[in-house]
Amino acid sequence: MDRELLFSARARSMKRSVIRELLKLTSNPEIISFAGGLPAPETFPVAEVAMATNKVLWEESDKALQYGSTEGDMRLRQDLADLMKQDGTPADPSNILVTVASQQGLDFVGKIFLDPGDTCVVGLPTYLGALQAFRSYQGRPVGVPLDDHGMRPDMLADIIRRLESENRRPKFIYVIPDFQNPAGVTIPENRRREIIRIAREGGYLIIEDTPYRQLRYTGKHEPTFQSMAPDSVLSLYTFSKILMPGFRLGWAYGPDWIIDKMVMAKQGTDLCSPPFNQAIAHHVMASGALQKGLVKTIELYARRRELMLSCLDNHLLDVPGIKWTKPEGGLFLWLTLPEGMDSDDMFHAAIQEKVAYVPGSAFYPDEDDHRSMRLNFSYASEMQICEGVKRLSALIHKQG
Ligand SMILES: Cc1ncc(COP(=O)(O)O)c(C=O)c1O
């Protein structure tokens, strides 16, 4: 009996990510890792979560330890709508679905929109987890190149035209507008308008995935796609980078017709997001701890970003052809090596030197970029950032 045949075609097409396997090498504590997308543990609001947990257990255990509604705790949905409003996005709590963080939102996007073989448009590079989610429904992500201002509308229009002419109309356009993972770039307002115009013209839906939005260190606030085109945008948010990823809570916001379908998708997946975590999240938000914590988190990450940029300036500016992005927020910057150097090949040498990054190829649907790497600046300490960049620079100089 061939056990493989027991699996669906969908499961048979799933592959272990080579990159995730490689990244296991980075768990050695001696390695300075710029590879993960981890928040700094010192930003976790331990005392506030402990207080809220006590309150929930002693005062509302009957509800918090019970099954909850699929849509989510109404008090939390109200808090989230208020948070969105403060950010300039009008929001109705009834259009919020609380998810098991934004990765579940991405999975539902695949589940409700993609049939096998369907195309969808993503950035080049884009978030690896989105590629995995869309592919697990046998979707075919098609990349649109980014520049220093995010997805290029001219290329988007061209690629959509080409797909239409081949009878492969994309099901949606997936964007990470703010401090994009992995490139760290942000789409300015006029470009957002242009992307919306293209989407509206062709009747396309935009998926706005914005986990880093609240983590801005410099530059000007940009409006959300949601606030600019509520009829044709589904937005995904998460607590992972602004409170803590261990909670596994996030939310989706969009028009009724999409949220209704996502609710049905969620019922088949997990019935509801954990009511216990949602109740704690509500009390943490009501106490003001989220906003207070964010001020400190922003201070810390802004410092680490500045430090990484100045270490890169100090050690690598003399390498001809090298460049890196200067993100205004988020957790990552994107470094492109000089022509002829290969970041996949260099990865093993970097591990030998006890410094790690994610090779850029991980973020391309066809893994066809070998000159870039993603560097995270939120997790390593200030001392490690300096030492890690020094090790990386020695390696680049040696290979160049
Ligand atoms: C762009 C983007 N979307 C979604 C996620 C998933 O995060 P979570 O499921 O923790 O909300 C991440 C995580 O790094 C991300 O960078």
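**Backbone features and helix packing in a predicted model**

Pro182 is situated in the loop that runs between strand S6 (172–175) and helix H9 (189–202). In this predicted model, the peptide bond between Asn181 and Pro182 is cis, with omega at about 20 degrees. A cis peptide bond also joins Leu124 to Pro125, where omega is about 5 degrees. Pro125 belongs to the loop between strand S3 (119–124) and H7.

Further backbone features concern the phi angle. Gln138, a residue other than glycine, has a positive phi, near 60 degrees. Gln138 is placed in the loop between H7 and strand S4 (140–147). With a relative accessible area of 23%, Gln138 is partly exposed. Arg248, likewise not a glycine, has a positive phi near 50 degrees.

Along the principal axes, the C-alpha atoms fill a box of roughly 60 × 55 × 55 Å. Of the 400 residues in the chain, 56% are buried. Among contacts with a separation of 6 or more, 74% are made by residues 24 or more positions apart.

Two helix pairs illustrate the packing. Helix H6 (residues 101–113) packs with helix H7 (residues 128–135) at an angle of about 35 degrees, and the two axes are 8 Å apart. The crossing of this pair, H6 and H7, is right-handed. On the H6 side the contact is formed by Gln103, Leu106, Asp107, Val109 and Gly110, which meet Gly129, Ala130, Ala133 and Phe134 of H7. The residues in the contact of H6 with H7 comprise five nonpolar, three polar and one charged.

In the second pair, helix H13 (residues 289–316) and helix H15 (residues 382–399) have axes 9 Å apart and pack at an angle of about 30 degrees. H13 is therefore roughly parallel to H15. The crossing in which H13 passes H15 is right-handed. H13 contributes Leu300, Arg303, Arg304, Leu307, Met308, Cys311, Leu312, His315 and Leu316 to the contact, and these meet Glu382, Ile385, Cys386, Val389, Lys390, Ser393, Ile396 and His397 in H15. By class, the contact of H13 with H15 contains 10 nonpolar, three polar and four charged residues.

Glu48 lies in helix H3 (residues 46–59). The relative accessible area of Glu48 is 26%, so the residue is partly exposed. When neighbours within four places in sequence are left aside, Glu48 is in contact with Val284, Ala289 and Lys292. Glu48 and Asp366, 318 residues apart in sequence, are separated in space by 44 Å from C-alpha to C-alpha.

Key
Residues are numbered from 1 along each chain as its sequence is written. This is a predicted model: local features need pLDDT of at least 70, side-chain atom pairs count only at pLDDT 80 or more; totals for chains, interfaces and linings use all residues. Side-chain values use heavy atoms; hydrogens and water are left out. Axes are lines fitted to C-alpha atoms, for helices over the stretch in contact, and angles run from 0 to 180 degrees between N-to-C directions. Helices (H or I, at least four residues) and strands (E, at least two) are DSSP runs, numbered from the N terminus. Angles under 35 degrees count as roughly parallel, over 145 as roughly antiparallel, 65 to 115 as roughly perpendicular and the rest as oblique. A crossing is left-handed if the near helix is turned anticlockwise from the far one by less than a right angle, and right-handed if clockwise. Contact means heavy atoms within 4.5 Å. Ala, Val, Leu, Ile, Met, Phe, Trp, Tyr, Cys and Pro count as nonpolar, Asp, Glu, Lys and Arg as charged, and the others, Gly among them, as polar. Buried means under 20% relative accessible area, exposed over 50%, partly exposed in between (1.4 Å probe, protein chains only).
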